Amino acid sequence: LDSDITDDVRCIRIIHEEHTRISGDGFTAWTVYNHHCRDQQIEQVSACFDSNEISKTQVIGGSSNNNYHNVIATTTTALTLPAAKGKIYKECELAQELYYKHKMPMEQIPTWVCIAKHESSFNTAAVGRLNADGSEDHGLFQISDLYWCAHDSFGGKACNVPCAKLLDSDITDDVRCIRIIHEEHTRISGDGFTAWTVYNHHCRDQQIEQVSACFDSNEISKTQVIGGSS
């Protein structure tokens, strides 16, 4: 329902593809199509585009057994997301956002802050390119494009997010993705933080006290810290 139709377009592509498989004409998924929108021609939007763009579109006329009166073959180009405008967090700023806005458990906050510090120096626009397999790591938490994010405008892989969206100043997508990664690695190893290579050397055994200056003492006191090693 927001002003960005990227998700809407991704969804209508899926709907159109499925209904093309079922009926031969993907537009029949929409009830207004038969009464108002069938047999639309390129000329009806020609004023919206440069003539060269229109000329690149080949309109193949004629009807088929599937009642297609016009099959349009277009030259497709990969959509390029605008360059991400990143942000460099301060330590307490990140701790507070993770806790208050994204509802991360207080006992995890010191570890997430530590990971962000050592992975990206708190820079949401950081891209790591030192992996031997040629993959890249993206954003505040250096999320890998090998498994978790995709280089297209529609998202994909395990987090169903474009890698470019992990580089902007809004870390909502990043947090959603690190939850998925953490959950998967908890299932595999028992400790979800082991997905990040900096964890064992720098961020294991973080304590609430390490971010206590970022919160009101009453907020800290609400969190029960269970000590002891496992």
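This is a predicted model: local features need pLDDT of at least 70, side-chain atom pairs count only at pLDDT 80 or more; totals for chains, interfaces and linings use all residues.

Biologist: Where is Phe27 placed, in terms of the helices?
Modeller: Phe27 lies in the loop that runs between helix H1, residues 6–23, and helix H2, residues 32–37.

Biologist: Stepping back, how many helices and strands does the protein have?
Modeller: The secondary structure comes to 8 helices and 5 strands, and along the sequence these follow the pattern α-α-α-β-β-α-α-β-β-β-α-α-α.

Biologist: What is the strand order in the open sheet of 3 strands?
Modeller: The order is S3-S4-S5, and the pairing is antiparallel. The edge strands are S3, residues 127–128, and S5, residues 143–144, each of which pairs on one side only.

Biologist: How many bridges join S4 and S5?
Modeller: Strand S4, residues 137–138, pairs with S5 in the antiparallel sense over 2 bridges, and His138 has Ile143 in S5 as its bridge partner.

Biologist: Changing topic, which helix holds His182?
Modeller: His182 sits in helix H6, which spans residues 172–189.

Biologist: Buried or exposed, that His182?
Modeller: His182 counts as buried, because its relative accessibility is 15% and the cut-off for buried is under 20%.

Biologist: Which residues does His182 touch, leaving out those up to four places away in sequence?
Modeller: With those set aside, His182 touches Gln108, Trp112, Gly192, Phe193 and Trp196.

Biologist: What does UniProt list for residues 159–177?
Modeller: The unreviewed UniProt entry lists that stretch as "domain: Glycosyl hydrolases family 22 (GH22)". In the model, the chain over residues 159–177 is 32% helix and 0% strand, and its end C-alpha atoms are 5 Å apart.

Biologist: And for the protein as a whole, what share of the residues counts as buried?
Modeller: Of its 230 residues, 32% count as buried, while the accessible surface comes to about 14,800 Å², with 51% of that belonging to carbon and sulfur atoms.

Biologist: What share of the contacts with a separation of 6 or more comes from residues 24 or more positions apart?
Modeller: Such residues account for 48% of those contacts in the protein.

Technical notes. Residues are numbered from 1 along each chain as its sequence is written. Side-chain values use heavy atoms; hydrogens and water are left out. UniProt positions are given in the numbering used here, feature names are shortened, and annotations may be inferred rather than shown by experiment. Helices (H or I, at least four residues) and strands (E, at least two) are DSSP runs, numbered from the N terminus. Buried means under 20% relative accessible area, exposed over 50%, partly exposed in between (1.4 Å probe, protein chains only). Contact means heavy atoms within 4.5 Å. Two strands pair if DSSP finds at least two bridges between them. Accessible areas come from the Shrake-Rupley method with a 1.4 Å probe; for residues, only the protein chains shown count as cover.
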